[in-house]
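This report describes a protein model for a reader who is new to structural analysis. Please keep the sequence and the structure in view while reading.

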Amino acid sequence: MTTRKFSTANLRPALFALYQGKNRMFEKSSTLKLITLLALALCALASTPAYAAAPTPINACQTLSTPGNFVLTKNLAATGECLVLTSNNINVDLAGHTISGDGSGRGIGGTNVRNIVINDGNIKNFSTGISLTLSSGNTGDNTIQNMNVSNNTGGGILIDGCCNTFSNIVANSNTGIGLRNNDCCSTVTKVVTNGNGGDGMDLLDCCYVVENSTANGNTGSGIFSDGCCSAVNDSVASNNSGDGLDLEGCCSTAVKDVTNGNSNDGVFFSGCCGDSRGNNIAVNSTANKNGANGFEFTDLRNSITNVTANKNTAHGVFMTCPATESGIAAKGNGSTNLNEDTSSGVCTALNNKAP
């Protein structure tokens, strides 16, 4: 269980001012990515242990109304809600146990709570596996880790507030979204969201970092982010009914990702700020056999380097110029291997193999 000594109250307005164009917009997206990573680091590092006392045992579904450490002593079965959190600063350790529902309610749920840790167990067959709500614009500082939250009749994990940590999670085969975070500046590491009835992950607002994660075979997109300045690295988003990666807003990156066999684009980037600013980057990534484009950049001043885009139904790479293109390997695509929209300028191309 952690409590945060650092306040993000001053950090969040600066990030949103950057997003909305109120501050100076940097031309180099690498600088914006650095800002994102520094913001996340501050959220992660400014913490100290909150509770050292022995945890309170839990052997039945109940309401947890006081801060502290709690640990399950056995598997729990619920009709409707199971664990309801009404206080901040609660650590729930499932200790390898399973919480099972009857298809309704929440496995673990809290309203207007923050600084929650949920760790080491399984939650299944609820309407929502884990749901922590919070008023818009507030810091959550929640941690969900070492969890399997699958086979729920609605969403898997639905979290509000910024600056959360998701790690070592499986959220598969939920009827709705696998994982949704409703605010900015959270990290997603080693998270698997496969076969869900909506998107694998919905990361709403700006400044997420996703690493070593998987989002395959979802009814929607694999990973969707609707704000600027997010990074998806070393991840796989394949065989989804929408896009593999749908990164909307400017200044996002896709690095060492695989997005194959999606029904729409492998990787889709858009822009922001009312002036068609893109500043998005794709590097060392693969997008093959998608139902539309391998990589699509809809706005200006993007960069694509050392990617493979083969046998997509439309274009291998669809680029809006001006932009920088280098090391593109694209062949066998249904329309063109490299399509450039030059209505706003020309692209700089180097060492491409996209005949």
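Both phenylalanine 269 and phenylalanine 297 are buried, where buried means under 20% relative accessible area, exposed over 50%, and partly exposed in between (1.4 Å probe, protein chains only). The model is predicted: local features need pLDDT of at least 70 and side-chain atom pairs count only at pLDDT 80 or more, whereas totals for chains, interfaces and linings use all residues. Residues are numbered from 1 along each chain as its sequence is written, and side-chain values use heavy atoms, with hydrogens and water left out.

**The aromatic pair**

The structure holds one aromatic pair. Phenylalanine 269 and phenylalanine 297 form this pair, which is stacked, with 4.9 Å centre to centre and 25° between the planes. Phenylalanine 269 belongs to strand 24 (residues 267-269) and phenylalanine 297 to strand 26 (residues 295-297), so the pair ties together parts that are 28 residues apart in sequence. Rings of Phe, Tyr and Trp (its six-membered ring) pair if their centres lie within 6.5 Å; planes under 30 degrees apart count as stacked, over 60 as edge-to-face and the rest as tilted.

The protein has two helices and 31 strands; helices (H or I, at least four residues) and strands (E, at least two) are DSSP runs, numbered from the N terminus. In a regular strand the side chains alternate between the two faces of the sheet. From strand 27 (residues 302-305), Asn302 and Ile304 point one way and Ser303 and Thr305 the other way, and all are buried.

Proline 322 lies in the loop between strand 28 (317-320) and strand 29. The peptide bond from cysteine 321 to proline 322 is cis, with omega near 5°.

**Arginine 106**

Arginine 106 is located in strand 10 (residues 106-111). Its relative accessibility is 18%, and arginine 106 therefore counts as buried. The side chains of arginine 106 and glutamate 81 are joined by a polar contact of 2.6 Å. A polar contact is a pair of N or O atoms within 3.5 Å; within protein, one must be able to donate a hydrogen and the other to accept it, and residues adjacent in sequence count only if both atoms are side-chain atoms. Not counting residues up to four places away in sequence, arginine 106 touches several residues, including Glu81, Cys82, Phe126 and Ser131; contact means heavy atoms within 4.5 Å.

**Two loop residues**

Asparagine 125 has a positive phi of about 60° although it is not a glycine. This residue, asparagine 125, sits in the loop between strand 11 (116-124) and strand 12 (128-133), and it counts as partly exposed because its relative accessibility is 32%. Aspartate 205, in the loop between strand 18 (201-203) and strand 19 (209-211), has a positive phi near 90°.

**The whole protein and its confidence**

Of the 355 residues in the protein, 55% are buried. The mean pLDDT is 89, and 85% of the residues reach 70 or more; pLDDT is the predictor's confidence in each residue, from 0 to 100. Over residues 1-35 the pLDDT is below 50, and this stretch has 84 contacts in the model beyond near neighbours in sequence. Over residues 42-51 the pLDDT is also below 50, with 25 such contacts.
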